[in-house]
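The structure is shown first.

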Number of protein chains: 2
Amino acid sequence: MPLIQRLAIIGVGLIGGSLARILREKGAVVEIVGIGRGEANLRKAVELGVIDRYSLDPVAGVEGADLVFLATPVCSIIDMVARIAPALAPGCVVTDGGSVKGEIVAPCEKLLPPGTFFVGGHPIAGTEKSGVEASFAALYQGKRCILTPTAQTDGEALRKVVRMWELAGSEVVCMDVEKHDRVVAAISHLPHMVAYSLVNAVGGYDRFSENILKYSAGGFRDFTRIASSDPAMWRDIALMNREAVLEMMDFFSEYFAGLRNLVEKGDGHGLEAFFARSKQNRDAIS
Amino acid sequence: MPLIQRLAIIGVGLIGGSLARILREKGAVVEIVGIGRGEANLRKAVELGVIDRYSLDPVAGVEGADLVFLATPVCSIIDMVARIAPALAPGCVVTDGGSVKGEIVAPCEKLLPPGTFFVGGHPIAGTEKSGVEASFAALYQGKRCILTPTAQTDGEALRKVVRMWELAGSEVVCMDVEKHDRVVAAISHLPHMVAYSLVNAVGGYDRFSENILKYSAGGFRDFTRIASSDPAMWRDIALMNREAVLEMMDFFSEYFAGLRNLVEKGDGHGLEAFFARSKQNRDAIS
């Protein structure tokens, strides 16, 4: 028997569309209902065979679903859960793909009526592209998916979500929401803050009355690619994961100040040791 | 008539070897002599047809050369120029590929005997690989090469070096040494300092008693690739371009502190504007 009878996906873009594709490919779902605001995108999703049908109304769309996946911008997840909560079928499992969990999981748990279940999730996958046409079945293959169960999480609901991501090809890791938010602050949010600052600093350096960014070569361009990411999305992430982002920014600043001190002192041994430790750390994850 | 009769290349690795290959391909040189300390590498360079012959002794190697290209580590360039200076043929032009110019150009100019000429240079090209086997003729194609002539620079010598890099496919840009050192501090040295610090900070975060680097995904790995660069080389660069590197680190820190302030205040408009300015800057150089 398929894992999911009726899957409702709210937000049929790269994230939602790719999950739909792989679950259908694996025969893990009987019917997929797409929910969104852009009818052209939803029509396209039906044409592509990504979803079976769609609804512009979330309340109607989740009707009878045994699993709801929220793939909307992270700042809209709580409002969306509040909206669909009264319409959920008994036993329905609601999960999300938001990149911040601390601000989301507890409110969502409170919003759901008894007999329906929330499981916070975050697949660590994506590309620079967006929209259902960018979605593909292999997006989650070999990637990590973090789930953040709490003391309130239903065991059966958790197992269903774990199984879903395993079928998508992901390695599922469970951790508490606080750890999740710090881990992603460190490996994703901090690098974005650093890249955005770096590009603005170099672009703002006007000592020679010309934009020295024009001299940048491939290395700089590769390093700063993430500074092209969507400003509104990163505004929301910075606001919603504020505490962890600040903690990681301060932690980074300590190391950066330590390195500055070595440069200022002209400490060759200290510099080489600092760079060698970093190279060792970096090579270990390549 | 070929541009160069006898080209002596000191350091036949990625940089020196690639220049040799393209100049030979263009028919711009009659004879190429390789100079280095590793005989196996030099033998390999002869086998590959990159150089015609080699010498382990720089003094013997530069004999009769009309152009000498120094492709050794940046901290050894001044010593090498001092060593070869007495052996240079009249009219010989000496140029280099070092990534720092302020500490190098004036001393090298002073070391050369009358009737021989120094031209500081820096081709903005490279890969993570090294050694003559990694060299290829197209390395400089479409890349910038910065030359740093001074009031002492001989016009004919400068024209010869400009022509050489043009034949290699580079876009030649001339600027003074101070500007060069600040431009490369901004677009290359600063990103390295940031990447090295970021990897050490994330690798050093031990609040959860495990190395959270293990959760890093493709984005983090792409962003921190340059933190795998050679520690000894970057120690030398940080020491030799100390003043400009410190200036750029401080300049970056101001922007990073400004962003931190926006996050702390929860200033959504300010955050989005900061990220949007960065995206605009970044997209302009893609």
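Chain A and chain B bury about 7900 Å² between them, with 69% of that area on carbon and sulfur atoms. On the side of chain A, the residues that lose the most area to chain B are A:Y215, A:F223 and A:R282, which together account for 9% of what that side buries. The model is a predicted one. In terms of contacts, 82 residues of chain A touch 82 residues of chain B.

Five helices of chain A each supply at least two residues of the side that touches chain B: helix 7 (177-204), helix 8 (218-223), helix 9 (231-240), helix 10 (242-265) and helix 11 (268-284). Helix 7 of chain A gives the largest share of that side, 20 residues.

The residues of chain A that touch chain B divide by class as follows.

| Class | Residues on the side of chain A |
|---|---|
| Nonpolar | 46 residues |
| Polar | 15 residues |

In one salt bridge, the side chain of A:R207 meets that of B:E247 at 3.0 Å, N to O.

Within chain B, the axes of helix 10 (residues 242-265) and helix 11 (residues 268-284) come within 9 Å and cross at roughly 145°. Helix 10 of chain B contributes B:Y255, B:L259, B:L262 and B:V263 to this contact, and helix 11 of chain B contributes B:G270, B:L271, B:F274, B:F275 and B:R277. By class, the contact has 7 nonpolar, 1 polar and 1 charged residues.

How values were computed. Residues are numbered from 1 along each chain as its sequence is written. Chains are lettered from A and ligands numbered from 1 in the order in which they are written. This is a predicted model: local features need pLDDT of at least 70, side-chain atom pairs count only at pLDDT 80 or more; totals for chains, interfaces and linings use all residues. Side-chain values use heavy atoms; hydrogens and water are left out. Contact means heavy atoms within 4.5 Å. Buried area is the accessible area (1.4 Å probe) that two parts lose on being put together, summed over both. A salt bridge is a side-chain nitrogen of Lys or Arg within 4 Å of a carboxyl oxygen of Asp or Glu. Helices (H or I, at least four residues) and strands (E, at least two) are DSSP runs, numbered from the N terminus. Ala, Val, Leu, Ile, Met, Phe, Trp, Tyr, Cys and Pro count as nonpolar, Asp, Glu, Lys and Arg as charged, and the others, Gly among them, as polar. Axes are lines fitted to C-alpha atoms, for helices over the stretch in contact, and angles run from 0 to 180 degrees between N-to-C directions.
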